[in-house]
Amino acid sequence: MCTRSIKECLTLQCKSLIKHDSSLIGLSVMRNNYDIKLKVNEGEISRIIFNEALKLFTEYSIVDVVVVGAGPSGLTAAYYLAKEGGLKTLVLERNLGVGGGIRGGGMLLPVALVEEEAMEIVREVKCSYSRVAESLYAVNPIELTCKIAAEAISQGAKILTGVYVEDVIYRVEKGKHIIRGVVIQWTPIIECGWHVDPLNIYSKAVIDATGHEAEIVSLVKKKLKLNEISLIGEKSMWASEGERLVVEKTGKLISGLYVAGMAVAEVHGLPRMGPLLGGMLLSGKRVAEIILEDLKRGEL
Ligand code: 48H
(Lines give C-alpha, C1' and ligand atoms only; values in the text may rest on other atoms or scores of the structure.)
Protein backbone atom coordinates (compact mmCIF):
# COMPACT_ATOMS: atom_id res chain seq x y z
CA MET A 1 0.00 0.00 0.00
CA CYS A 2 1.27 3.51 -0.88
CA THR A 3 2.02 5.50 2.27
CA ARG A 4 2.54 8.83 0.43
CA SER A 5 -0.13 11.53 0.34
CA ILE A 6 -1.79 12.37 -2.98
CA LYS A 7 0.14 15.71 -3.02
CA GLU A 8 3.52 13.95 -2.55
CA CYS A 9 2.67 11.43 -5.32
CA LEU A 10 1.73 14.22 -7.72
CA THR A 11 4.95 16.18 -6.96
CA LEU A 12 7.05 13.04 -7.59
CA GLN A 13 5.24 12.37 -10.86
CA CYS A 14 5.79 15.95 -12.02
CA LYS A 15 9.50 15.81 -11.12
CA SER A 16 10.01 12.56 -13.06
CA LEU A 17 8.06 13.99 -16.00
CA ILE A 18 10.33 17.08 -16.07
CA LYS A 19 13.39 14.78 -15.86
CA HIS A 20 12.34 12.51 -18.71
CA ASP A 21 10.36 14.65 -21.11
CA SER A 22 12.90 16.65 -23.14
CA SER A 23 10.27 19.22 -24.12
CA LEU A 24 10.02 20.16 -20.44
CA ILE A 25 13.77 20.47 -19.81
CA GLY A 26 13.61 24.19 -20.68
CA LEU A 27 10.99 24.63 -17.96
CA SER A 28 13.23 22.95 -15.38
CA VAL A 29 16.16 25.24 -16.38
CA MET A 30 13.90 28.29 -16.06
CA ARG A 31 12.85 27.18 -12.56
CA ASN A 32 16.52 27.04 -11.51
CA ASN A 33 17.11 30.62 -12.74
CA TYR A 34 14.73 31.93 -10.09
CA ASP A 35 16.74 30.30 -7.35
CA ILE A 36 18.80 33.26 -6.00
CA LYS A 37 21.75 32.33 -3.81
CA LEU A 38 23.30 35.46 -2.23
CA LYS A 39 26.95 34.81 -1.39
CA VAL A 40 27.65 37.92 0.75
CA ASN A 41 26.27 39.05 4.10
CA GLU A 42 24.50 42.35 4.85
CA GLY A 43 27.66 44.07 6.08
CA GLU A 44 29.47 43.09 2.90
CA ILE A 45 26.61 44.58 0.85
CA SER A 46 27.21 47.94 2.56
CA ARG A 47 30.98 47.64 2.17
CA ILE A 48 30.65 47.05 -1.60
CA ILE A 49 28.24 50.00 -1.95
CA PHE A 50 30.58 52.29 0.05
CA ASN A 51 33.58 51.22 -2.04
CA GLU A 52 31.87 51.60 -5.41
CA ALA A 53 30.37 55.00 -4.51
CA LEU A 54 33.70 56.21 -3.14
CA LYS A 55 35.41 55.26 -6.42
CA LEU A 56 32.79 57.25 -8.35
CA PHE A 57 32.92 60.34 -6.11
CA THR A 58 36.74 60.30 -6.01
CA GLU A 59 37.00 60.06 -9.79
CA TYR A 60 34.26 62.61 -10.47
CA SER A 61 35.18 65.36 -7.98
CA ILE A 62 37.22 66.89 -10.83
CA VAL A 63 35.59 66.73 -14.27
CA ASP A 64 35.53 68.46 -17.64
CA VAL A 65 31.88 69.54 -17.58
CA VAL A 66 29.19 69.72 -14.90
CA VAL A 67 25.64 69.76 -16.27
CA VAL A 68 23.16 71.07 -13.72
CA GLY A 69 19.72 69.55 -14.37
CA ALA A 70 18.70 66.23 -15.91
CA GLY A 71 15.88 67.59 -18.05
CA PRO A 72 15.81 67.08 -21.84
CA SER A 73 18.40 69.81 -22.58
CA GLY A 74 20.87 68.74 -19.87
CA LEU A 75 20.66 65.05 -20.76
CA THR A 76 21.15 65.77 -24.47
CA ALA A 77 24.15 68.00 -23.70
CA ALA A 78 25.70 65.22 -21.56
CA TYR A 79 25.09 62.65 -24.30
CA TYR A 80 26.91 64.70 -26.98
CA LEU A 81 29.72 65.89 -24.69
CA ALA A 82 30.51 62.28 -23.82
CA LYS A 83 29.89 60.88 -27.30
CA GLU A 84 31.48 63.52 -29.53
CA GLY A 85 34.20 64.78 -27.20
CA GLY A 86 34.82 61.88 -24.83
CA LEU A 87 34.61 64.51 -22.07
CA LYS A 88 34.36 63.56 -18.41
CA THR A 89 30.79 64.74 -17.88
CA LEU A 90 28.78 64.79 -14.66
CA VAL A 91 25.05 65.54 -14.56
CA LEU A 92 23.71 66.71 -11.18
CA GLU A 93 19.96 66.53 -10.57
CA ARG A 94 18.20 67.62 -7.37
CA ASN A 95 15.26 65.24 -7.89
CA LEU A 96 15.34 61.47 -7.51
CA GLY A 97 14.68 60.79 -11.18
CA VAL A 98 15.67 62.13 -14.59
CA GLY A 99 13.52 63.83 -17.25
CA GLY A 100 12.88 67.24 -15.67
CA GLY A 101 9.72 69.18 -16.38
CA ILE A 102 8.81 67.37 -19.56
CA ARG A 103 8.07 64.10 -17.73
CA GLY A 104 4.49 65.34 -17.33
CA GLY A 105 4.07 65.83 -21.11
CA GLY A 106 1.35 68.33 -22.00
CA MET A 107 -0.85 68.86 -18.91
CA LEU A 108 -0.02 65.35 -17.63
CA LEU A 109 -1.02 63.77 -20.94
CA PRO A 110 1.92 61.50 -21.77
CA VAL A 111 2.82 63.12 -25.08
CA ALA A 112 5.37 65.71 -26.20
CA LEU A 113 6.02 66.91 -29.74
CA VAL A 114 9.29 67.07 -31.65
CA GLU A 115 9.95 68.95 -34.89
CA GLU A 116 11.69 67.28 -37.84
CA GLU A 117 14.92 69.25 -37.23
CA ALA A 118 15.48 67.45 -33.90
CA MET A 119 14.33 63.98 -34.97
CA GLU A 120 17.89 62.84 -35.64
CA ILE A 121 18.42 62.83 -31.86
CA VAL A 122 15.19 60.90 -31.24
CA ARG A 123 16.21 58.29 -33.82
CA GLU A 124 19.80 58.12 -32.57
CA VAL A 125 18.65 57.08 -29.07
CA LYS A 126 16.15 54.61 -30.60
CA CYS A 127 13.03 56.21 -29.11
CA SER A 128 9.71 55.31 -30.70
CA TYR A 129 7.66 58.07 -32.35
CA SER A 130 4.75 58.67 -34.68
CA ARG A 131 4.26 61.32 -37.33
CA VAL A 132 1.31 63.53 -36.33
CA ALA A 133 1.48 66.49 -38.73
CA GLU A 134 3.79 67.87 -41.39
CA SER A 135 7.36 67.76 -39.97
CA LEU A 136 5.99 67.06 -36.48
CA TYR A 137 6.24 63.88 -34.39
CA ALA A 138 4.75 62.66 -31.10
CA VAL A 139 6.90 60.95 -28.46
CA ASN A 140 6.40 59.65 -24.96
CA PRO A 141 8.51 62.10 -22.92
CA ILE A 142 9.42 59.49 -20.31
CA GLU A 143 10.64 57.04 -22.97
CA LEU A 144 12.62 59.77 -24.71
CA THR A 145 14.32 61.25 -21.65
CA CYS A 146 15.07 57.79 -20.19
CA LYS A 147 16.62 56.72 -23.51
CA ILE A 148 18.76 59.87 -23.78
CA ALA A 149 19.88 59.31 -20.17
CA ALA A 150 20.70 55.65 -20.87
CA GLU A 151 22.67 56.56 -24.01
CA ALA A 152 24.52 59.35 -22.17
CA ILE A 153 25.54 56.82 -19.50
CA SER A 154 26.58 54.31 -22.19
CA GLN A 155 28.82 57.00 -23.68
CA GLY A 156 30.51 57.47 -20.28
CA ALA A 157 28.59 60.37 -18.68
CA LYS A 158 27.60 59.99 -15.01
CA ILE A 159 24.28 61.11 -13.55
CA LEU A 160 23.87 61.77 -9.83
CA THR A 161 20.35 62.33 -8.52
CA GLY A 162 19.30 63.81 -5.18
CA VAL A 163 22.17 66.30 -5.47
CA TYR A 164 21.38 70.00 -5.23
CA VAL A 165 23.74 72.57 -6.74
CA GLU A 166 23.67 75.43 -4.25
CA ASP A 167 26.59 77.58 -5.43
CA VAL A 168 29.47 77.85 -7.90
CA ILE A 169 33.28 77.91 -7.63
CA TYR A 170 34.81 81.04 -9.20
CA ARG A 171 38.07 82.80 -9.91
CA VAL A 172 38.91 86.30 -11.14
CA GLU A 173 41.67 86.57 -13.73
CA LYS A 174 42.66 89.85 -15.42
CA GLY A 175 39.48 91.38 -14.01
CA LYS A 176 37.25 88.70 -15.58
CA HIS A 177 35.14 86.21 -13.66
CA ILE A 178 35.57 82.54 -14.49
CA ILE A 179 33.32 79.72 -13.29
CA ARG A 180 35.27 76.67 -12.21
CA GLY A 181 32.71 74.21 -10.88
CA VAL A 182 29.85 73.85 -8.44
CA VAL A 183 29.08 73.52 -4.74
CA ILE A 184 26.79 70.59 -3.90
CA GLN A 185 24.60 69.31 -1.11
CA TRP A 186 22.17 66.39 -0.76
CA THR A 187 18.66 67.62 -1.63
CA PRO A 188 17.07 66.28 1.60
CA ILE A 189 19.58 68.30 3.66
CA ILE A 190 18.49 71.45 1.79
CA GLU A 191 14.83 70.50 2.16
CA CYS A 192 15.00 69.98 5.91
CA GLY A 193 16.80 73.30 6.32
CA TRP A 194 19.87 71.98 8.18
CA HIS A 195 23.10 73.88 7.95
CA VAL A 196 25.64 71.28 6.82
CA ASP A 197 28.72 72.45 4.95
CA PRO A 198 28.70 71.38 1.30
CA LEU A 199 31.28 69.72 -0.97
CA ASN A 200 32.53 70.80 -4.41
CA ILE A 201 32.98 69.54 -7.95
CA TYR A 202 35.76 71.30 -9.87
CA SER A 203 35.29 71.62 -13.65
CA LYS A 204 36.34 73.43 -16.80
CA ALA A 205 32.74 74.29 -17.64
CA VAL A 206 29.31 74.39 -16.01
CA ILE A 207 26.05 74.22 -17.98
CA ASP A 208 22.96 75.76 -16.43
CA ALA A 209 20.23 73.38 -17.68
CA THR A 210 17.94 74.03 -14.70
CA GLY A 211 14.88 74.94 -16.78
CA HIS A 212 12.51 77.86 -16.13
CA GLU A 213 14.37 78.98 -13.00
CA ALA A 214 17.85 79.41 -14.55
CA GLU A 215 19.05 78.78 -10.99
CA ILE A 216 22.78 78.83 -11.62
CA VAL A 217 22.82 81.98 -13.75
CA SER A 218 20.59 83.69 -11.24
CA LEU A 219 22.82 82.81 -8.27
CA VAL A 220 25.98 83.81 -10.18
CA LYS A 221 24.44 87.18 -11.06
CA LYS A 222 23.27 87.76 -7.51
CA LYS A 223 26.33 86.57 -5.58
CA LEU A 224 29.08 87.75 -7.92
CA LYS A 225 27.16 90.92 -8.83
CA LEU A 226 27.89 90.60 -12.54
CA ASN A 227 26.24 93.33 -14.58
CA GLU A 228 27.30 91.72 -17.85
CA ILE A 229 24.89 88.84 -17.18
CA SER A 230 21.30 89.69 -18.05
CA LEU A 231 18.35 87.88 -16.57
CA ILE A 232 15.39 89.32 -18.42
CA GLY A 233 12.79 86.67 -17.54
CA GLU A 234 10.81 84.32 -19.75
CA LYS A 235 7.97 85.75 -21.88
CA SER A 236 4.47 84.36 -22.55
CA MET A 237 3.65 81.65 -25.10
CA TRP A 238 4.74 81.97 -28.76
CA ALA A 239 5.67 78.40 -29.67
CA SER A 240 7.45 78.86 -33.02
CA GLU A 241 9.54 81.87 -31.89
CA GLY A 242 10.33 80.22 -28.56
CA GLU A 243 11.62 77.10 -30.31
CA ARG A 244 13.74 79.02 -32.81
CA LEU A 245 15.26 81.51 -30.37
CA VAL A 246 16.00 79.06 -27.56
CA VAL A 247 18.46 77.26 -29.85
CA GLU A 248 19.85 80.47 -31.37
CA LYS A 249 20.62 82.03 -27.97
CA THR A 250 22.08 78.86 -26.39
CA GLY A 251 25.71 79.31 -25.42
CA LYS A 252 28.33 80.92 -23.20
CA LEU A 253 27.53 83.70 -20.72
CA ILE A 254 30.91 84.20 -19.08
CA SER A 255 34.04 82.05 -19.14
CA GLY A 256 33.15 78.60 -17.83
CA LEU A 257 29.39 79.23 -17.64
CA TYR A 258 27.02 78.06 -20.37
CA VAL A 259 23.23 77.99 -20.59
CA ALA A 260 20.88 75.52 -22.34
CA GLY A 261 17.17 74.71 -22.56
CA MET A 262 14.45 76.77 -20.85
CA ALA A 263 17.10 78.56 -18.79
CA VAL A 264 18.05 80.29 -22.07
CA ALA A 265 14.51 81.70 -22.30
CA GLU A 266 14.72 82.98 -18.71
CA VAL A 267 18.11 84.62 -19.30
CA HIS A 268 17.36 86.23 -22.67
CA GLY A 269 13.64 86.99 -22.22
CA LEU A 270 12.32 84.56 -24.84
CA PRO A 271 8.77 83.28 -25.32
CA ARG A 272 7.78 79.88 -23.89
CA MET A 273 6.69 77.04 -26.17
CA GLY A 274 4.75 74.47 -24.10
CA PRO A 275 5.30 70.71 -24.57
CA LEU A 276 7.53 70.98 -27.63
CA LEU A 277 10.87 69.23 -27.32
CA GLY A 278 12.77 70.06 -30.50
CA GLY A 279 14.20 73.28 -29.05
CA MET A 280 15.30 71.58 -25.81
CA LEU A 281 17.05 68.72 -27.64
CA LEU A 282 18.79 70.98 -30.15
CA SER A 283 19.78 73.44 -27.42
CA GLY A 284 21.45 70.54 -25.52
CA LYS A 285 23.25 69.42 -28.66
CA ARG A 286 24.30 72.98 -29.53
CA VAL A 287 25.74 73.76 -26.07
CA ALA A 288 27.85 70.57 -26.28
CA GLU A 289 29.11 71.67 -29.70
CA ILE A 290 30.00 75.17 -28.39
CA ILE A 291 31.91 73.74 -25.40
CA LEU A 292 33.83 71.36 -27.67
CA GLU A 293 34.75 74.28 -29.97
CA ASP A 294 35.87 76.42 -26.98
CA LEU A 295 37.99 73.52 -25.70
CA LYS A 296 39.61 73.10 -29.11
CA ARG A 297 40.40 76.84 -29.21
CA GLY A 298 41.99 76.57 -25.76
CA GLU A 299 39.37 78.85 -24.22
CA LEU A 300 38.56 76.51 -21.35
C1 48H B 1 20.26 70.42 -9.29
C2 48H B 1 18.46 71.33 -10.41
C3 48H B 1 18.67 72.58 -9.78
C4 48H B 1 19.76 72.69 -8.86
C5 48H B 1 16.94 72.78 -11.07
O6 48H B 1 12.94 71.94 -16.34
P7 48H B 1 13.76 70.98 -17.12
O8 48H B 1 13.06 69.92 -17.84
O9 48H B 1 14.71 71.86 -18.09
P10 48H B 1 14.98 71.82 -19.67
O11 48H B 1 15.38 73.20 -20.01
O12 48H B 1 15.90 70.75 -20.02
O13 48H B 1 13.58 71.48 -20.34
C14 48H B 1 12.51 72.35 -20.18
C15 48H B 1 11.19 71.59 -20.41
O16 48H B 1 11.08 70.52 -19.51
C17 48H B 1 10.07 72.57 -20.17
O18 48H B 1 9.78 72.83 -19.01
C19 48H B 1 9.47 73.27 -21.27
C20 48H B 1 9.82 72.96 -22.68
N21 48H B 1 8.57 74.20 -20.99
C22 48H B 1 7.92 75.06 -21.92
C23 48H B 1 6.80 75.84 -21.24
O24 48H B 1 6.15 76.63 -21.97
O25 48H B 1 6.55 75.68 -20.03
O26 48H B 1 14.82 70.30 -16.17
C27 48H B 1 15.59 71.06 -15.28
C28 48H B 1 16.10 70.13 -14.20
C29 48H B 1 14.97 69.67 -13.27
O30 48H B 1 14.95 68.27 -13.22
C31 48H B 1 15.33 70.27 -11.92
O32 48H B 1 15.01 69.43 -10.83
C33 48H B 1 16.83 70.45 -12.06
O34 48H B 1 17.01 70.85 -13.40
N35 48H B 1 17.38 71.51 -11.20
N36 48H B 1 19.23 70.26 -10.17
N37 48H B 1 20.52 71.59 -8.64
N38 48H B 1 20.02 73.83 -8.22
N39 48H B 1 17.71 73.46 -10.20
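Helices (H or I, at least four residues) and strands (E, at least two) are taken as DSSP runs and numbered from the N terminus. The views below show a predicted model.

**View 1. Ala 214 in the loop between β9 and α8.** The loop that holds Ala 214 runs between β9 (199-208) and α8 (215-224). Ala 214 has a positive phi, near 45°, and is a residue other than glycine. Is Ala 214 buried or exposed? The relative accessibility of Ala 214 is 0%, so the residue counts as buried.

**View 2. Leu 108 in the loop between β2 and β3.** Leu 108 lies in the loop that links β2 (89-93) with β3. Its phi is also positive, near 70°, in a residue other than glycine. The relative accessible area of Leu 108 is 74%, and exposed means over 50%, so Leu 108 is exposed.

**View 3. The open sheet of β3, β5 and β4.** The sheet has 3 strands in the order β3-β5-β4, and the pairing is antiparallel. β3 (112-115) and β4 (130-133) are the edge strands; each has a single partner strand, so one side of each has no neighbour in the sheet. From one strand to the next, the twist averages 45°.

**View 4. The hairpin of β4 and β5.** β4 pairs with β5 (residues 136-139) in the antiparallel sense, over 3 bridges. Which residues of β5 are the bridge partners of Arg 131 and Ala 133? Arg 131 has Tyr 137 as its bridge partner in β5, and Ala 133 has Leu 136. There are 2 residues between the strands of this hairpin, and Ser 135 takes a positive phi there, near 60°.

**View 5. Helix α4 and the residue after it.** Helix α4 covers residues 72-85. Its 14 residues should span 20 Å at 1.5 Å a residue, and the end C-alpha atoms are 19 Å apart, so the two values agree. The helix is mostly covered, with 11 of its 14 residues buried. Among the buried residues are Pro 72, Ser 73, Gly 74, Leu 75, Tyr 79, Tyr 80 and Leu 81. Gly 86 follows α4 and has a positive phi, near 60°.

View 6. A nitrogen atom of the ligand lies 3.1 Å from a polar side-chain atom of Glu 215. At Met 273 a polar backbone atom is 3.4 Å from an oxygen atom of the ligand. On its own the ligand has 790 Å² of accessible area, and the protein covers 94% of this.

**View 7. Asp 167 and its contact with Lys 223.** Asp 167 is part of strand β7 (residues 163-173). Buried means under 20% relative accessible area; Asp 167 has a relative accessibility of 17% and therefore counts as buried. Which side chain makes a polar contact with the side chain of Asp 167? The partner is the side chain of Lys 223, at 2.6 Å.

Methods: Residues numbered from 1 in each chain as written. Predicted model: local features only at pLDDT ≥ 70, side-chain atom pairs only at ≥ 80, totals over all residues. Heavy atoms only, no water. Pairing = 2+ DSSP bridges. Axes fitted to C-alpha atoms, helices over the stretch in contact; angles between N-to-C directions. Expected span 1.5 Å × (residues − 1). Buried < 20%, exposed > 50% of the residue type's maximum accessible area, 1.4 Å probe, protein only. Polar contact = N/O pair within 3.5 Å; in protein donor to acceptor, adjacent residues only side chain to side chain. Areas by Shrake-Rupley, 256 points an atom, 1.4 Å probe, with all protein chains shown as cover.
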